[in-house]
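Okay everyone, thanks for coming.

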Amino acid sequence: MSNRYNQLKVAVLVTDGFEQAELLEPKKALEAAGATVHILSDKSDSVQGFKHVDKGEVVSVDGSLDAANPADYSAVLLPGGVVNGDAMRLLPEARNFVRAANDAEKPIASICHGGWLLISAGIAKGRTVTSWPSLQDDFKNAGSQWVDQEVVRDENFVSSRKPTDIPAFNNEFMKLLDEQQRREQAQQPAAGVAGDEAATGSAGKPHLSEKGSAPAAPPSHENEAFAVAHGESAQSDG
């Protein structure tokens, strides 16, 4: 395990019915890079994963959504699965969480049906995204530009369509986390300095990429976390 993200905490918002690969594979890549990953849910103990329509693994819950503070996390991951995605969009605490994260310009990564929560939280308007194809009308009706690409970056949003997109999804999310980590480090007051400028950290805010841009091809020298992120997924689409 590397220490690439040893100062970052990522919140995964999920309930029963999530698509297994879309939670476990990004989680594995993030943890291999040193990030702390917390499963936050409306369920108290565990959540049930699915491999498309068949039951998969049960994943332990780290904290409750109603008690979680978005300020404690550097980024948000929204796995898919039609049952999970439809249930999460109805939870006020989930909508409030992603809304707060977006207001703070923190990375939000959604895949498959996970993007439904962006719509219900009211933060999809004017954004360029992708998702499971059946959500495209919902995004368009919400004022989004929907595109059919394996991964799309729009400022603090990263989105993908399905499990086979996970390698590209992980890679682009981790690039965004690199920017977030630099931003957080720049916001930390220098030792012995108590000025207002150090507290604001505005000078350390990274320049976000062009809206809706497709990512460049990944470099050939990626580290061990990138290798983990590019593991082949044998899961069904969902």
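Let's begin with a helix: how many residues does H6 have, and how far does H6 reach from its first C-alpha to its last? H6 has 22 residues and reaches 31 Å, close to the 32 Å expected at 1.5 Å a residue. Keep in mind that what you're looking at is a predicted model.

Okay, zooming out for a second. The secondary structure of the protein comes to 8 helices and 12 strands. There are 238 residues, and buried ones make up 50% of them. Here's one I like: take the contacts with a separation of 6 or more, and 70% of them are between residues 24 or more positions apart.

How confident is the predictor? The mean pLDDT is 86, and 79% of the residues reach 70 or more. Over residues 191-195, though, the pLDDT is below 50, and that stretch has 1 contact in the model beyond near neighbours in sequence. Residues 197-210 are below 50 too, but there the model has 24 contacts beyond near neighbours.

At the E6 end, strand E3, residues 36-41, pairs with E6 in the parallel sense over 2 bridges. Leucine 40 stands opposite glycine 63 there. At the other end, E11 and E12 run antiparallel and are joined by 4 bridges. Aspartate 154 stands opposite phenylalanine 157. These two strands make a hairpin with 2 residues between them, and glutamate 155 takes a positive phi near 50 degrees.

Stay on E11 for a moment. In a regular strand the side chains alternate between the two faces of the sheet. In E11, Val151 and Arg153 point one way while Val152 and Asp154 point the other way, and all are buried.

There's another open sheet, this one of 3 strands, in the order E2-E4-E5, again with mixed pairing. Its edge strands are E2, at 18-19, and E5, at 54-60, and each pairs on one side only. E2 and E4 run parallel, with 2 bridges joining them. Glutamate 19 has phenylalanine 50 in E4 as its bridge partner.

Back to helices, this time H1. H1 has 13 residues and reaches 18 Å, close to the 18 Å expected. Of those 13 residues, 10 are buried, including Leu23, Ala29 and Leu30, but also Glu22, Glu25 and Lys27. After the helix comes glycine 34, whose phi is positive, near 100 degrees.

Aspartate 42 is in the loop between E3 and strand E4, which is 46-51. Is aspartate 42 buried or exposed, or something in between? Its relative accessibility is 36%, so it counts as partly exposed. The aspartate 42 side chain makes a polar contact with the side chain of threonine 15, at 2.7 Å, and another with the side chain of serine 41, at 3.2 Å. Leaving aside neighbours within four places in sequence, aspartate 42 is in contact with Val14, Thr15, Leu65, Leu91 and Glu93. Aspartate 42 and alanine 87 are 45 residues apart in sequence, and their C-alpha atoms are 9.9 Å apart in space.

Last stop: serine 2, in the segment before E1. With a relative accessible area of 17%, serine 2 is buried. A polar atom of its side chain lies 3.4 Å from the backbone nitrogen of arginine 4.

That's my tour. Thanks, everyone!

Definitions and conventions: Residues are numbered from 1 along each chain as its sequence is written. This is a predicted model: local features need pLDDT of at least 70, side-chain atom pairs count only at pLDDT 80 or more; totals for chains, interfaces and linings use all residues. Side-chain values use heavy atoms; hydrogens and water are left out. Two strands pair if DSSP finds at least two bridges between them. Buried means under 20% relative accessible area, exposed over 50%, partly exposed in between (1.4 Å probe, protein chains only). Contact means heavy atoms within 4.5 Å. A polar contact is a pair of N or O atoms within 3.5 Å; within protein, one must be able to donate a hydrogen and the other to accept it, and residues adjacent in sequence count only if both atoms are side-chain atoms. The expected span of a helix is 1.5 Å times one less than its number of residues. pLDDT is the predictor's confidence in each residue, from 0 to 100.
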